[in-house]
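Student: Could you go through this model with me? I have a few questions as we look at it.

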Amino acid sequence: MAANQRHARECSHLPRAGWSDWELAMAPVPLGFEPRGPNQGLIRSGIRNALSLQFGIYEWRAKGTLRGQPNHVVYLGSTCTVKPGALRGRILQYCTNGSHKQDLINDALGKSYELWVRVKIVEGRNPSRENAEAMENALLNRYDYAWNTRINGQIRYILP
């Protein structure tokens, strides 16, 4: 593959190795969920305890609940602090206030998409934020994630 040729992540398959199972994090309708905020969908209460890892990367997937809606991986991120449980804390930021993707998350929930998350931890003797960022950069250099702007340049609106 040429240096600048990247594949759209929603059309690509990543090997399962090292990734957690997908966890349902947010949904547009109540199924034992709690409100995120006015007109902002709902968060699955159990997601608070689902992830307790410190360093790693995460992917968000928008899964259509209506006939004909796609199931796309849309975003990639990494832990940005060294606090214990930083990965869980980062995921909860997206679940509760949307972090810097609030408009995209609310748009997806408003269009009846569920939002799922999975993580891949940094392994080795000295896992660090830098290792997580290197894992993230390697994937961003290979794939174009619709909701990422770093390396991609702009957001792609792919959810009908």
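Student: What follows helix 3, and what is its phi like?

Tutor: Helix 3 is followed by Ser112, and the phi of Ser112 is positive, near 75°. Please keep in mind that we are looking at a predicted model.

Student: And which residues of helix 3 are buried?

Tutor: The buried residues in helix 3 are Leu104, Ile105, Asn106, Ala108 and Leu109, and what covers them includes strand 2, helix 2 and strand 7.

Student: Let me step back. How many helices and strands does the chain have, and what pattern do they follow?

Tutor: There are four helices and eight strands in the chain, and along the sequence they come in the pattern β-β-β-β-α-β-β-α-α-β-α-β.

Student: How much of the chain counts as buried?

Tutor: Of its 160 residues, 44% count as buried. The chain exposes about 8,300 Å², and carbon and sulfur atoms supply 49% of that area. As for contacts with a separation of 6 or more, residues 24 or more positions apart account for 68% of them.

Student: Which residues have the most contacts inside the largest nonpolar core?

Tutor: That core has 22 residues, and those with the most contacts inside it are Met26, Tyr58, Trp60, Tyr75, Ile105, Leu115 and Trp147. At least two residues of this core come from each of strand 2 (23-27), strand 5 (56-64), strand 6 (71-78), helix 2 (86-97), helix 3 (102-110) and strand 7 (113-121). Another core, of nine residues, lies apart from it, and Trp19, Val73, Leu139 and Tyr143 are among its members.

Student: Now the aromatics. How many pairs are there?

Tutor: The count comes to four aromatic pairs. In one of them, the ring centres of Tyr58 and Tyr75 are 6.5 Å apart and the planes are at 40°, so the pair is tilted.

Student: Which arginines sit over rings?

Tutor: Arg61 has its charged end over the ring of Trp22, 4.4 Å from the ring centre, while Arg118 lies over the face of Trp19, at 4.2 Å from the centre of that ring. Arg118 is also linked with Arg9 and Glu59 in a network of salt bridges.

Student: How many salt bridges does the whole structure have?

Tutor: The search finds seven salt bridges. In one of them, the side chains of Arg156 and Glu10 meet at 2.7 Å, N to O. Arg156 lies in the segment after strand 8 (143-144) and Glu10 in the loop between strand 1 (7-8) and strand 2, so this pair ties together parts that are 146 residues apart in sequence.

Student: Are Arg156 and Glu10 buried or partly exposed?

Tutor: Arg156 counts as partly exposed at 22% relative accessibility, whereas Glu10 is buried, with a relative accessible area of 16%. The cut-off that separates the two is 20% relative accessible area, because buried means under that value.

Student: Which other salt bridge does Arg156 form?

Tutor: Asp144 forms a salt bridge with Arg156, with the closest N and O atoms 3.4 Å apart. Asp144 lies in strand 8 and Arg156 in the segment after strand 8, so the pair ties together parts that are 12 residues apart in sequence. Asp144 counts as buried at 17% relative accessibility.

Student: Last one: what does Glu136 touch?

Tutor: Leaving out residues up to four places away in sequence, Glu136 touches Ile57, Leu76, Gly77, Ser78 and Arg150. Glu136 has its place in helix 4 (residues 129-142) and is buried, with a relative accessible area of 9%. Arg150 forms a salt bridge with Glu136, the closest N and O atoms being 3.1 Å apart, and Arg150 counts as partly exposed at 39% relative accessibility.

Terms used: Residues are numbered from 1 along each chain as its sequence is written. This is a predicted model: local features need pLDDT of at least 70, side-chain atom pairs count only at pLDDT 80 or more; totals for chains, interfaces and linings use all residues. Side-chain values use heavy atoms; hydrogens and water are left out. Buried means under 20% relative accessible area, exposed over 50%, partly exposed in between (1.4 Å probe, protein chains only). Contact means heavy atoms within 4.5 Å. Accessible areas come from the Shrake-Rupley method with a 1.4 Å probe; for residues, only the protein chains shown count as cover. A nonpolar core is a set of buried Ala, Val, Leu, Ile, Met, Phe, Trp, Tyr and Cys residues joined through side-chain atoms within 4.5 Å. Rings of Phe, Tyr and Trp (its six-membered ring) pair if their centres lie within 6.5 Å; planes under 30 degrees apart count as stacked, over 60 as edge-to-face and the rest as tilted. A charge sits over a ring if NZ of Lys or CZ of Arg is within 6 Å of the ring centre and within 35 degrees of the ring normal. A salt bridge is a side-chain nitrogen of Lys or Arg within 4 Å of a carboxyl oxygen of Asp or Glu.
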